[in-house]
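Dear colleague,

I am handing over a structure for you to look at, and my notes on it follow directly below. Please read them with the coordinates open.

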Amino acid sequence: MSNKKVKFYFIVLFSFLLFSCNSKTSFDEEKDIIYHMLKKHYVGFSEMKKQGFTKDSWKKVSNYDEIKNLFDKCINDTHLSINNNNGFEYKQNQVFDKDSIKSDDPYPTFIKKTTSNTYYLRYNSCNINWPDYANFPNLAYEALKYDYIVLDFRSNSGGGNGQQYEFFRNLYVENYKGKIFVTQDNWSYSAGEVWITTAKFEDLLDFTLIGTHSGGAQVYGNCVSYEENGIFFYLPSTSFVKYLPKNYLGEGKGYEPDIWANKENMKSKLESLGLDLSGIEFN
């Protein structure tokens with residue numbers, strides 16, 4: 001190999017190493033990015049400060065474990081998540097019921113079934129851009145004819161709850177007198193925790209919550225994804241603190257059901273209450 005080629009390959013290798021070193025974000029640089037992203041984009045930042053999050057406390061943090069410990073003290077939010085390419089990930093823990101069983105239905109699943117006395121709707125997504133969910137309010141007019149309505153929102157990761165509000169409002173305006181059963185499990189999150197909407201109609205319609213605890217992601221919402229220098233953020237932009245029902249147990253704990261059940265015994269428990277669930281399965 002000629003001296004010119006050796007020199008060329010050496011320059012290329014040196015440039016690559018130099019670029020790699022310069023492009024790698026240091027821990028202190030990551031801290032600055034995280035701090036400014038939270039301050040600029042996270043709706044819960046002011047609440048963090050009330051819980052003791054200060055510039056001084058942040059400056060003292062020297063590793064990822066200390067970041068997690070400080071966040072655990074100052075953040076109450078199961079929506080928020082932060083991670084990077086170095087293996088760091090922060091997301092708050094959830095309490096799981098030992099008898100809760102996640103649904104096997106693919107995402108998204110919409111099922112509408114009717115029996116002699118029951119109107120059954122299955123949604124495992126609240127994505128407002130999903131046509132089946134966007135049409136949810138209009139189905140209230142069909143449901144009026146039935147003694148029972150089952151809203152199966154198990155393992156629903158959330159989205160928007162305006163459609164739920166319109167569905168229940170339509171039932172109320174049309175003077176629905178039947179019973180409404182709302183299902184949930186540990187994987188029902190955010191708008192998938194339908195009780196945040198039903199509570200507004202609790203004194204106007206007859207609701208029963210059946211399942212296990214919901215996931216508990218209610219304090220904040222309307223999350224936005226960001227990325228900066230290899231750090232990925234999922235940050236809520238709206239606070240729902242003043243809209244939370246009284247029976248909300250907290251982030252990661254959710255709502256306690258009126259009737260305990262999982263997908264294996266939910267059908268039999270509902271049938272024991274008089275519902276005809278012929279041809280309906282809780283997968």
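A residue is called buried when its relative accessible area is under 20%, and because Ser190 has a value of 16%, Ser190 counts as buried. Please keep in mind that this is a predicted model. Ser190 is located in the loop between β6 (179-184) and α9 (195-198), and, once neighbours within four places in sequence are left aside, Ser190 is in contact with His79, Ser157, Gly158, Ala217 and Gln218.

Gln163, which is found in helix α8, is likewise buried, with a relative accessible area of 14%; not counting residues up to four places away in sequence, Gln163 touches Ile128, Tyr133, Ala134, Phe136 and Pro137. Val173 also lies in helix α8, which covers residues 162-173, but Val173 is exposed, with a relative accessible area of 52%. Together with Tyr172 and Leu204, Val173 makes a nonpolar surface patch of about 290 Å².

Ser239 belongs to strand β9 (residues 231-239) and is partly exposed, at a relative accessible area of 29%. Leaving out residues up to four places away in sequence, Ser239 touches Val43, Val219 and Tyr220, while Ile67 is 172 residues from Ser239 in sequence and 23 Å from Ser239 in space, C-alpha to C-alpha.

Turning to charge, a search of the whole structure finds nine salt bridges. One of them joins Glu142 and Lys112, whose closest N and O atoms are 3.1 Å apart; Glu142 lies in helix α7 (residues 140-143) and Lys112 in strand β3 (residues 110-114), so this pair ties together parts that are 30 residues apart in sequence. Glu142 is partly exposed, with a relative accessible area of 30%, and Lys112 is also partly exposed, at 40%.

Another salt bridge is formed by the side chains of Asp152 and Arg122, at 3.7 Å from N to O, and this pair links strand β5 (residues 148-152), which holds Asp152, with strand β4 (residues 118-123), which holds Arg122, across 30 residues. Asp152 and Arg122 are both buried, and they take part in a network of salt bridges that also includes Asp105 and Arg154.

A further salt bridge connects Glu281 with Lys267, the closest N and O atoms being 3.3 Å apart; Lys267 is in helix α10 and Glu281 in the segment after α10 (266-271), 14 residues apart.

Finally, Lys39, Lys49, Lys55 and Lys59 gather in a patch of positive charge on the surface, and of these Lys55 has its place in helix α4 (residues 55-59).

How values were computed. Residues numbered from 1 in each chain as written. Predicted model: local features only at pLDDT ≥ 70, side-chain atom pairs only at ≥ 80, totals over all residues. Heavy atoms only, no water. Patch = residues over 30% accessible without salt bridge, like charges linked within 9 Å, V, L, I, M, F, W, Y side chains within 5 Å. Areas by Shrake-Rupley, 256 points an atom, 1.4 Å probe, with all protein chains shown as cover. Salt bridge = Lys/Arg side-chain N within 4 Å of Asp/Glu carboxyl O. Lys, Arg positive; Asp, Glu negative; His and termini not counted. Charge placed at Lys NZ, Arg CZ, Asp CG, Glu CD. Helix = DSSP H or I, 4+ residues; strand = E, 2+ residues; numbered from the N terminus. Buried < 20%, exposed > 50% of the residue type's maximum accessible area, 1.4 Å probe, protein only. Contact = heavy atoms within 4.5 Å.
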